[in-house]
Amino acid sequence: MKLYQVHQEAFRPYGRVIGEMDFTALVEAMGETPCPMGETVYAPGDEKLEALPVSEELRTRIFGELPIQVGYCNGENYLLNAVEYHHTSEVNVAATDMILLLGRVQDVTAEQTYDAGRIEAFFVPKGTAVELYATTLHYAPCSPREGEGFRVTVVLPKGTNTDLAAHHPRDGEDRLITAKNKWLIGHPDAELPAGSPIGITGENLSVRTLY
């Protein structure tokens, strides 16, 4: 696995760097969010982050005035573990350096499996914001260096990643839905919540091979 930069051409199928907005205040506010070592934490929305002017700018300019949630994913992680996708874009703002492991929804098979060998790794420097397209497979970011944690703001349409309200028949793509606007494929070697759909083949990739 090769480590690319998000400013390189290789990132274009997965998303774009958002260069037209100032994320300084958001990155500073993220410094007050928890960052546990040895695990990751995820909050779909955070009131302090959502109160920042840049959050309203994200709502109007990136999500076309849809209601959004501005939360975070922080901690320490080195493994792929799973891939997920949404039927909408996701914005990540790196409050520290981090690595994203990305793939394409188009490479998910008709049997809802995915070959980990198709994953590509991208380094995202602190202060950089990226829009990940709806066709991009992703999961928790990875630590940029051994023994370091990461902090990233996660912006999605409001309600994404919250509990499902309806029954799902668990066939076709529907068997992958694990939360609102969240479809997931797990690796058999990963520690995931009970009942998570498993379908990643190959190695549970580690970014430690990139250091």
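**Cysteines, strands and a histidine**

Biologist: What does Cys 35 count as, at 24% relative accessibility?

Modeller: Cys 35 counts as partly exposed at that 24%. The scale calls a residue buried under 20% relative accessible area, exposed over 50% and partly exposed in between, with a 1.4 Å probe and protein chains only. Keep in mind that this is a predicted model, where local features need pLDDT of at least 70 and side-chain atom pairs count only at pLDDT 80 or more, while totals for chains, interfaces and linings use all residues. Residues are numbered from 1 along each chain as its sequence is written, and side-chain values use heavy atoms, with hydrogens and water left out.

Biologist: Zooming out: how many helices and strands does the protein have?

Modeller: Three helices and 15 strands. Those are DSSP runs numbered from the N terminus, with helices being H or I over at least four residues and strands being E over at least two.

Biologist: What does the radius of gyration come to?

Modeller: It is 16 Å, close to the 17 Å that the globule rule gives for 211 residues, so the protein is as compact as a globular protein of that length. The radius is taken over C-alpha atoms, and the globule rule is 2.2 Å times the number of residues to the power 0.38. Along the principal axes, the C-alpha atoms fill a box of roughly 45 × 40 × 35 Å. Buried residues make up 53% of the 211.

Biologist: How much accessible surface is there?

Modeller: About 9,800 Å², with 49% of that belonging to carbon and sulfur atoms. Areas come from the Shrake-Rupley method with a 1.4 Å probe, and for residues only the protein chains shown count as cover.

Biologist: Strands next. Which strands does strand 10 pair with?

Modeller: Strand 10 is joined to strand 2 (residues 15-17) by three bridges, and to strand 6 (residues 90-94) by four. Strand 2 runs antiparallel to strand 10, and strand 6 does too. Two strands count as paired if DSSP finds at least two bridges between them. If you want spots to look at, Arg 16 has Glu 131 as its bridge partner, and Asn 92 stands opposite Val 130.

Biologist: Are the faces of strand 10 covered or open?

Modeller: Covered, both of them. Ala 129 and Glu 131 sit on one side, Val 130 and Leu 132 on the other, and all are buried.

Biologist: What about strand 5?

Modeller: Strand 5 also has both faces covered, with Ala 82 and Glu 84 buried on one side and Val 83 and Tyr 85 buried on the other. Its antiparallel pairing with strand 14 (residues 182-186) spans four bridges, and Val 83 has Ile 185 as bridge partner there.

Biologist: What does the side chain of His 86 touch?

Modeller: It makes a polar contact with the side chain of His 138 at 3.3 Å. One of its polar atoms also lies 2.7 Å from the backbone oxygen of Asn 181. A polar contact is a pair of N or O atoms within 3.5 Å; within protein, one must be able to donate a hydrogen and the other to accept it, and residues adjacent in sequence count only if both atoms are side-chain atoms. Leaving aside neighbours within four places in sequence, His 86 has contacts (heavy atoms within 4.5 Å) that include Ala 134, Leu 156, Thr 160 and Trp 183.

Biologist: Last one: what order do the strands take in the open sheet of four?

Modeller: The order is 1-9-7-11, with mixed pairing. Strand 1 (3-5) and strand 11 are the edge strands, each pairing on one side only. Strand 7 (residues 98-104) has six of its seven residues buried. Five bridges join strand 7 antiparallel to strand 9 (residues 120-124), with Ile 99 partnered by Phe 123. Strand 7 is also antiparallel to strand 11 (residues 136-137), through two bridges, and Gly 103 stands opposite Leu 137.
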